Amino acid sequence: MISNHRTLLIAFFTVAAFIPVVVLAQGNHCVAQKSPMKMAVAAGQPVYVSKCQTCHQADGSGLPDKTPSLIKSKQITGDKRPLIELLISGHLQQPAVQGKKYSQTMPAYPEMSDDEIANVLTYIRRSFGNKGSLIKPSEVKSMRGVVK
Ligand code: HEC
């Protein structure tokens, strides 16, 4: 009898030990079903780190007189077209932040894929206190060739 009880107890604890594993596995399942916005932000972050961060900084604050801040900026959360144009061509239709002049030059990234441009722009539109909308790769694609 005693050994039976022990077997039951062991069985009980073995099952109990697996409950968190099952719960965690279901948690991962949710991660796989993230919204398009979350997936774009997650994909855009490493692009920002490798291509933009030296100039615009990890916190988006920019470099005084050299590069603009991207923090809580209407330029960043507003119209998508100038942002897409900027990445493809390296220049803005309107001057950046209140017409201020910066000593650095924003590079053009014509070699970046539609996905990379869409994701990095979505990343900056949702970071640094910005609450902008998603930019889709198809929106970048539709501007290729239009922008010089
Ligand atoms: C060599 C430094 C440098 C790098 C690298 C760089 N930028 Fe810039 N960026 C600038 C400068 C300088 C300006 C201001 C341009 C102007 O005044 O016309 C600017 C402007 C901008 C603006 C417009 C800001 C505004 O308020 O209108 C955005 C958006 C932007 N950059 C995003 C990016 C992204 C995204 C990347 C990476 C893919 C990037 N930049 C990489 C220097 C840089």
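In helix H6, the buried residues are Ile 117, Ala 118, Asn 119, Val 120, Leu 121, Thr 122, Tyr 123, Ile 124 and Arg 125. A residue is called buried if 20 or more other C-beta atoms lie within 10 Å of its own, exposed if 12 or fewer do, and partly exposed in between, with C-beta atoms placed from the backbone. Helix H6 is thus mostly covered, with 9 of its 12 residues buried.

The model is predicted: local features need pLDDT of at least 70, side-chain atom pairs count only at pLDDT 80 or more, and totals for chains, interfaces and linings use all residues. Residues are numbered from 1 along each chain as its sequence is written.

The protein chain holds 7 helices and 0 strands. Helices (H or I, at least four residues) and strands (E, at least two) are DSSP runs, numbered from the N terminus. Of the 148 residues in the protein chain, 22% are buried.

The end C-alpha atoms of H6 lie 16 Å apart, which agrees with the 16 Å that its 12 residues should span at 1.5 Å a residue. The expected span is 1.5 Å times one less than the number of residues.

The elements that cover the buried residues of H6 include the following helices.

| Helix | Residues |
|---|---|
| H2 | 36-51 |
| H4 | 74-77 |
| H5 | 80-89 |
| H7 | 137-141 |

Helices H2 and H6 pack at an angle of about 95 degrees, and their axes are 7 Å apart. This angle makes H2 roughly perpendicular to H6. Axes are lines fitted to C-alpha atoms, for helices over the stretch in contact, and angles run from 0 to 180 degrees between N-to-C directions. Angles under 35 degrees count as roughly parallel, over 145 as roughly antiparallel, 65 to 115 as roughly perpendicular and the rest as oblique.

Tyr 123 is placed in helix H6 (residues 114-125). Tyr 123 counts as buried because 23 C-beta neighbours lie inside 10 Å. Leaving aside residues up to four places away in sequence, Tyr 123 touches Val 41, Gly 44, Gln 45 and Tyr 48; two residues are in contact if their C-beta atoms, placed from the backbone, lie within 7 Å. The C-alpha atoms of Tyr 123 and Lys 38 are separated by 9.1 Å, although these residues are 85 residues apart along the chain.

In helix H5, the buried residues are Lys 80, Leu 83, Ile 84, Leu 86, Leu 87 and Ile 88. Their cover includes H6 and H7.
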